[in-house]
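Hi everyone, thanks for coming. Please have a look at the structure on the screen, and then I'll walk you through a few things in it.

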Amino acid sequence: MAVVGRRPHAIRMCVCVTLLLLVTVAHSFYLPGVAPQDFFKGDLLKVKVNKLTSIKTQLPYSYYSLPYCKPEKIVDSAENLGEVLRGDRIENSPYVFKMREPQMCNIVCHMTLNAKDAKEFKEKIDDEYRVNMILDNLPLVMPYKTAEMVSVAYQHGIDVGRKGHYAGRSEEKYFIFNHLAFTVKYHKDEETAAARIVGFEVKPFSVKHEHDGQWDDKTRLTTCDPHAKRSVTDSNSPQEVEENKEIVFTYDVEFQESEIKWASRWDTYLYMADDQIHWFSIVNSLMIVLFLSGMVAMIMLRTLYRDISKYNQLETQEEAQEETGWKLVHGDVFRPPMNSDLLCVYVGTGVQFFGMILVTIIFAALGFLSPSNRGGLMTAMLLLWVFMGLFAGYASARLYKMFKGTEWKKMTLKTALIFPAILFAIFFVLNALIWGEESSGAVPFGTMFALVVLWFGISVPLVFVGSYVGSKKPAIEPPVKTNKIPRQIPEQAWYMNPIFSILIGGVLPFGAVFIELFFILSSIWLHQFYYIFGFLFVVFLILIVTCAEITVVLCYFQLCSEDYLWWWRSYLTSGSSALYLFLYAAFYFFTRLNITKPVSGVLYFGYMLIGSYAFFMLTGTIGFYACFWFTRLIYSSVKID
């Protein structure tokens, strides 16, 4: 009795510990992706430039695609696979500082715009392009604050320029930000006098610089002169972008000591002012889960228990014939479906996606895929996808053997090729469009070749290895025998129509994730940092439970209606949430994004189509396995002569 009495207490303890762990993970923590670098006074600090980005076109360009000031020799930084796929192009720049030595009005270069240069600057200003720079692996940010905001926010990168007009005139002009006032924040070690960079901020100004006489190397500016302590503080006399206009690019740099430690320097970038919304998202999703769990519990504990008990007590064949519902279809429920080999392929690919996403989210939530390691997340996802081919082959082969398939090699080849081939075809078309726009986002031929090598050199062989292991395992035996002649399915009620029930089934899984989906889309298309993988992990767990429960509930109703064609329907029921995901992506496009170029629109819907297709396979596989487990469980509980 003492043991029984302790059980509720032990259960409560387990629940409390689990919740505590989830909350801890939800806040995430940061494991640095690079080792800290110490700088002493006077050490050179080299600013690097990254791609030009725009949320209006979604087409990145190399920094030097615009006629900005260039160093003597442009040197490309080594980039990982994820960086190349993101369109990052990191190069050196003429901006060079000395640690803790402020500089005022340093002249970078002087130029006179020709018609082509002026046109390029105007186009980029029109499309709201931003310049991105990096110092000690920290991206450049511009602090700003509006009247409604409580704390300072940070814009990633700085605008190339702005459109405006002079006071008293209506004619619109283009102005370029040609003076940058940098602030480098550092944390000083009192013992060694070394310092570590913890912040890189800028205030851009548009200034029409003036000077006496002809321009040469010794020319001093009258608008900005370190000798006269005259600095730039406003853009009252802005620099216009026009043909034959003279532009002088300048910069200031000041150093500020900061209390922020090196390990916490990314907090500024990753700060989420709206984490309340994420908690609301999780509570909203949990309500859906509780509702579904209640329905499943009712089915399992009341209906099924009663049905199984009554069915097992039946003594005569006549009584058995009088029974209706799910028991009657026991001789057909495990009959292999139409296109069973294709179902095996889709289930295998879904397992591959499930493994990739689960491992990625866990590693990201633990801080191993930090944003300081640019492209790390994408590289990790690609490599995990390749190695998860082992599980894809195994899962598809096990199912195929249960269906008594004989051509396992052909089925394995389909598992290895169908989804990647569709993905590659769409990606190739989108890449050709990006190439046509001469964007740095176009994947080079060498990287494309590397992706093909990963696919055929590693992923395909691993699928075959997994499939070979799966095919050598004993076949999964159904708990009841299958009749030779299929039973006729009675006419179904309108609400049990396959299309209707499949579309209804996708609503709740989508409802469990759509709030978090908003933040994911914003991070991808509005170039914001997404680093709340703890929340995402919890939402992913809720998605798994929701997909499983809604499929089990609808599968039970279907079997009660004496419709035993559940194999494909279980996959499509939860998989239909992908349709709602794509429709939401379209809604997001028209309400949140300001994309006007047709090419950019095609890119958006092309990438979202790939994402929705992947989501279909993921959720469909979860629903399928839940229903597979459920049917085996209930039919193994019934005595069949």
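Let's start with a question: leaving aside its neighbours within four places in sequence, which residues is Phe 182 in contact with? One thing to keep in mind as you look is that this is a predicted model.

Here is what we find. Phe 182 is in contact with Tyr 95, Phe 97, Met 133, Leu 140, Phe 200, Glu 201, Val 202, Tyr 251, Asp 252, Val 253 and Glu 254. Some of those names come back when we turn to the largest nonpolar core, which has 146 residues. Tyr 95, Phe 97, Met 133 and Phe 182 are the ones that touch the most other members there. Helix H17, residues 598–636, gives the most to this core, with 18 residues. There is also a second, separate core of 8 residues, and Ala 181 and Cys 224 are among them.

In general, nonpolar side chains tend to be buried together in soluble globular proteins.

Now let's step back to the whole protein. We have 17 helices and 13 strands, and 50% of the 641 residues are buried. Take contacts between residues at least 6 apart in sequence: 81% of them join residues at least 24 apart.

Last stop, a pair of helices. H13, residues 507–525, packs with H16, residues 577–592, at an angle of about 35°, and their axes are 10 Å apart. Their crossing is right-handed. Phe 510, Phe 514 and Leu 517 of H13 are among the residues making the contact, and H16 brings residues including Tyr 580, Tyr 584 and Arg 592. By type, the contact residues divide into 11 nonpolar, 2 polar and 1 charged.

Key: Residues are numbered from 1 along each chain as its sequence is written. This is a predicted model: local features need pLDDT of at least 70, side-chain atom pairs count only at pLDDT 80 or more; totals for chains, interfaces and linings use all residues. Side-chain values use heavy atoms; hydrogens and water are left out. Axes are lines fitted to C-alpha atoms, for helices over the stretch in contact, and angles run from 0 to 180 degrees between N-to-C directions. Helices (H or I, at least four residues) and strands (E, at least two) are DSSP runs, numbered from the N terminus. A crossing is left-handed if the near helix is turned anticlockwise from the far one by less than a right angle, and right-handed if clockwise. Contact means heavy atoms within 4.5 Å. Ala, Val, Leu, Ile, Met, Phe, Trp, Tyr, Cys and Pro count as nonpolar, Asp, Glu, Lys and Arg as charged, and the others, Gly among them, as polar. Buried means under 20% relative accessible area, exposed over 50%, partly exposed in between (1.4 Å probe, protein chains only). A nonpolar core is a set of buried Ala, Val, Leu, Ile, Met, Phe, Trp, Tyr and Cys residues joined through side-chain atoms within 4.5 Å.
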